[in-house]
Amino acid sequence: MRKLLVFVLFVVSIPILVINFFYSYDKFSIDTGFISNEIENPVYIRVKRGDGNVETINIEDYLIGVVPSESPLYFEDEALKAQAVAARTYALKQMQNNQDNYYDVTDDTYTQVYSDLDTLRYRWGDYFDENYARIKNIVDSTKGQYVSYDGDIIYAFFFSTSNGYTEDNRDVFGADLPYLRVVDSSFDAEETDNFSVTTTFTKEEFYNDLDLPYSDELVITDVVRTASNRVASLYINGNYFNGISFQYRLGLRSNDYEIIDNGNIEITTKGFGHGVGLSQYGANALAKRNKNYEEILKYYYQGTELKKL
């Protein structure tokens with residue numbers, strides 16, 4: 001049953017969810033600055049595809065393949081516009097930080113998901129023309145716009161669903177970025193049926209995943225939580241675990257979790273993803289409350305402004 005659940009979650013999440021619990025940023029590699037340079041317009045981005053080849057793509061065309069791969073199509077237009085600007089901002093930052101590399105981004109969750117037109121045609125079938133026209137209009141309406149803080153292009157992290165709050169970047173990726181602080185996102189809960197999810201492990205599975213010796217007794221102590229109520233650290237039977245490492249090992253949807261021993265181990269999580277930056281489902285909730293994409297972006301990336309290439 002557990003294997004089936006994991007498989008279903010994986011399949012469902014590919015086209016619609018952003019950087020989830022498999023997010024692959026190295027928290028110690030994020031710098032607060034970047035290599036300063038002039039970005040030429042039009043902008044072309046180097047995308048490393050799954051087959052290892054690198055394609056050079058106009059960034060606006062690239063975003064047409066990113067937006068519907070990172071957010072559900074049923075989202076409000078203003079939420080998708082916010083996604084487009086966040087994805088463009090993220091891509092520009094990657095370009096600045098990868099000037100000495102042979103590519104800027106990958107086409108998967110290692111950076112942000114990109115689908116080419118052939119993939120979108122296959123996915124959308126008879127609805128391709130309609131969907132393509134809508135996404136192109138959304139991207140075009142934000143053309144060249146990116147999020148800036150104190151003159152710098154920001155690290156525009158985004159994720160699927162909060163636990164009610166976004167997370168401080170320092171507690172996930174390490175760097176002190178003033179525009180990535182804790183903000184209320186309690187409205188996420190009304191946007192998804194999977195806000196709270198319980199996963200059941202046998203004790204054998206639980207201890208094996210944690211590389212711990214089997215024990216009939218589960219002792220959880222010294223649970224430390226961040227300001228957003230996510231687990232920063234805990235002890236399992238006297239063994240220390242970083243909260244995010246614990247999440248990774250067990251394949252949990254987020255690092256806001258409660259653990260119950262009732263013979264098996266039941267772990268209930270809230271939210272989905274690392275929690276830093278823009279919450280996609282939160283953005284959709286704000287769009288439904290008549291917030292425009294600029295207001296959404298400034299809410300999740302506080303103290304920032306929109307600029308244009």
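At 12% relative accessibility, serine 233 counts as buried, where buried means under 20% relative accessible area, exposed over 50% and partly exposed in between (1.4 Å probe, protein chains only). The model is predicted, so local features need pLDDT of at least 70 and side-chain atom pairs count only at pLDDT 80 or more, whereas totals for chains, interfaces and linings use all residues. Residues are numbered from 1 along each chain as its sequence is written, and side-chain values use heavy atoms, with hydrogens and water left out.

Serine 233 belongs to strand E9, which spans residues 231-236. Helices (H or I, at least four residues) and strands (E, at least two) are DSSP runs, numbered from the N terminus. With neighbours within four places in sequence left aside, the contacts of serine 233 are Asp222, Val223, Val224, Tyr240, Phe241, Asn242 and Gly243; contact means heavy atoms within 4.5 Å. The loop between E9 and strand E10 (239-242) holds asparagine 237. Asparagine 237 is not a glycine, yet its phi is positive, at about 50 degrees. This asparagine 237 is partly exposed, with 26% relative accessibility. A positive phi, of about 55 degrees, is also found at aspartate 150, again not a glycine. Aspartate 150 is placed in the loop between strand E4 (145-149) and strand E5 (152-153), and at 71% relative accessibility aspartate 150 is exposed.

For the protein chain, the secondary structure comes to 9 helices and 14 strands. Of its 309 residues, 50% are buried. Among contacts between residues at least 6 apart in sequence, 68% join residues at least 24 apart. The chain exposes about 14,200 Å², of which carbon and sulfur atoms supply 47%; accessible areas come from the Shrake-Rupley method with a 1.4 Å probe, and for residues only the protein chains shown count as cover.

Two of the sheets are described here. Strands of a sheet pair through backbone hydrogen bonds, either parallel or antiparallel. Two strands are taken as paired if DSSP finds at least two bridges between them. Strand E1 (residues 44-48) pairs with E2 over 5 bridges in the antiparallel sense, and tyrosine 44 stands opposite asparagine 58 in E2. Axes are lines fitted to C-alpha atoms, for helices over the stretch in contact, and angles run from 0 to 180 degrees between N-to-C directions.

Another open sheet is formed by 3 strands in the order E7-E12-E11, with antiparallel pairing. Strand E7 (196-201) and strand E11 (257-261) are the edge strands, and each pairs on one side only. On average, neighbouring strands of this sheet are turned by 20 degrees against each other, direction ignored. E7 and strand E12 (residues 265-270) run antiparallel and are joined by 6 bridges; valine 197 has threonine 269 in E12 as its bridge partner. Helix H7 (residues 243-250) packs on the sheet and touches E7, E11 and E12, its direction making about 65 degrees with that of E11.

Aromatic pairs were assigned by ring geometry. Rings of Phe, Tyr and Trp (its six-membered ring) pair if their centres lie within 6.5 Å; planes under 30 degrees apart count as stacked, over 60 as edge-to-face and the rest as tilted. The count by this rule is 17 aromatic pairs. One of them joins tyrosine 102 and tyrosine 103 edge-to-face, at 4.9 Å centre to centre and 80 degrees between the planes. Tyrosine 102 is partly exposed at 48% relative accessibility, while tyrosine 103 is buried at 15%. The pair of tryptophan 124 and phenylalanine 128 is tilted, with 6.0 Å centre to centre and 40 degrees between the planes. Tryptophan 124 is buried, with a relative accessible area of 9%, and phenylalanine 128 is buried at 10% relative accessibility. One aromatic cluster is formed by Phe206, Tyr207, Tyr214, Phe241, Phe246 and Tyr257.

A charge sits over a ring if NZ of Lys or CZ of Arg is within 6 Å of the ring centre and within 35 degrees of the ring normal. The charged end of lysine 93 sits over the ring of tyrosine 155, 4.8 Å from its centre. Arginine 253 lies over the face of phenylalanine 272, 4.0 Å from the ring centre.
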